[in-house]
Amino acid sequence: MRSFTTLFAILASAIALFSAVLAQDVQGLDTYTDGDAVMNLVNTSPTETHVYKVEGNADNPSTAYGAGSGALPMATVLPGQEVKFQLGKGFIGAFTGNSGEGTRFEVNFRGDSPGEYKTWYNSDMQFGMSNTTMGPTSGNKQINGLDSLAGEQDCLAKANSIWGEVDVASQQLLLDTGYLEGTTGPDGVLTAVHMDKQAGPEVVEFFQNKALFNAYVSPGSVAGKPTSKAAAAANMFSWSVSTTELTITGY
């Protein structure tokens, strides 16, 4: 019995050590100095691996991850894992969930003047939507005092929260687009929601201005011609915070 107890204890220690290694995983640059930009990637799913497409701006300085690069290696976050993605100084770029087909988070860590801790960011659902949010790791609010969490934790639930208030004719038109799936009527229920670059204005209008998704739903700053309301939303969702450390959480 004692040998089994000892074996169990050894296995438990090994599992704990392996979990700790996962929790402390570092990607991006090999080095970190005070004030460097950091993107923490947290995967709360117990079973799904989350993969993010990472992009750098062409004029990123030599102090930033992927200096002068476009597409970069994917960032992989295992179930239950937290990754510290070290971006260096002066990084401008984007992290897009679902290997580039989910919610896109655009970030600018350059600030307005040398040495200023000011970060601009937004959440964009042009290429697709995923259940992910981003905000300051510290939980601080925006510089203007408003809440700082971008993106949606549960896109389907957010859409369903308003679906029953949409008239049946409009519901059917939205279902006919294929970007929403479900049933019509006051007791109707959505079973799936989708987004991509081909979505029409009626889809954008529903997600952006009816369901009030906490992101650009139109092409935003990336491409395309958004509706006037969505263009106003694009300005509204360009946020700034006094920190160089952000966290993307996938659910």
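Two strands are taken to pair if DSSP finds at least two bridges between them, and strands themselves are DSSP runs (E, at least two residues), numbered from the N terminus. The model is a predicted one, in which local features need pLDDT of at least 70 and side-chain atom pairs count only at pLDDT 80 or more, while totals for chains, interfaces and linings use all residues. Residues are numbered from 1 along each chain as its sequence is written, and side-chain values use heavy atoms, with hydrogens and water left out.

Strand 1 (residues 25-28) runs parallel to strand 5 and is joined to it by four bridges; here valine 26 has lysine 84 as its bridge partner in strand 5. Strand 2 (residues 37-43) pairs with strand 5 too, this time in the antiparallel sense and over six bridges, with alanine 37 partnered by glycine 88 of strand 5. Five of the seven residues of strand 5 (residues 82-88) are buried, so the strand is largely enclosed by the rest of the structure. Buried here means under 20% relative accessible area, exposed means over 50%, and partly exposed is anything in between (1.4 Å probe, protein chains only).

What about the nonpolar packing? A nonpolar core is a set of buried Ala, Val, Leu, Ile, Met, Phe, Trp, Tyr and Cys residues joined through side-chain atoms within 4.5 Å. The largest one has 25 residues, and Met39, Leu41, Phe85, Leu87 and Phe95 have the most contacts inside it. At least two residues of this core come from each of strand 2, strand 3, strand 4 (71-77), strand 5, strand 7, strand 13 (239-241) and strand 14 (245-250). With contact taken as heavy atoms within 4.5 Å, and neighbours within four places in sequence set aside, leucine 41 is in contact with residues including Tyr52, Ala75, Val77, Phe85, Phe95 and Ile248. A second, separate core holds 23 residues, among them Val166, Tyr179, Val204 and Ala215.

Turning to charges, the structure holds five salt bridges, each being a side-chain nitrogen of Lys or Arg within 4 Å of a carboxyl oxygen of Asp or Glu. In one of them lysine 89 meets aspartate 36, with the closest N and O atoms 2.5 Å apart. Lysine 89 sits in the loop between strand 5 and strand 6 (92-96) and aspartate 36 in the loop between strand 1 and strand 2, so the pair ties together parts 53 residues apart in sequence. Lysine 89 is partly exposed at 37% relative accessibility, whereas aspartate 36 is buried at 7%.

Another salt bridge brings arginine 104 and glutamate 55 together (2.5 Å, N to O), linking strand 7 (residues 104-108) to strand 3 (residues 50-56) across 49 residues. Arginine 104 also forms a salt bridge with glutamate 106, the closest N and O atoms being 3.1 Å apart. Within it, arginine 104 is buried at 13% relative accessibility and glutamate 106 is buried at 12%, while glutamate 55 is partly exposed at 21%.

Glutamate 152, in strand 10 (residues 150-152), is buried as well, with a relative accessible area of 7%. Its side chain makes a polar contact with the side chain of lysine 158 at 2.7 Å, and the glutamate 152 side chain reaches the backbone nitrogen of asparagine 214 at 2.7 Å. A polar contact is a pair of N or O atoms within 3.5 Å; within protein, one must be able to donate a hydrogen and the other to accept it, and residues adjacent in sequence count only if both atoms are side-chain atoms.
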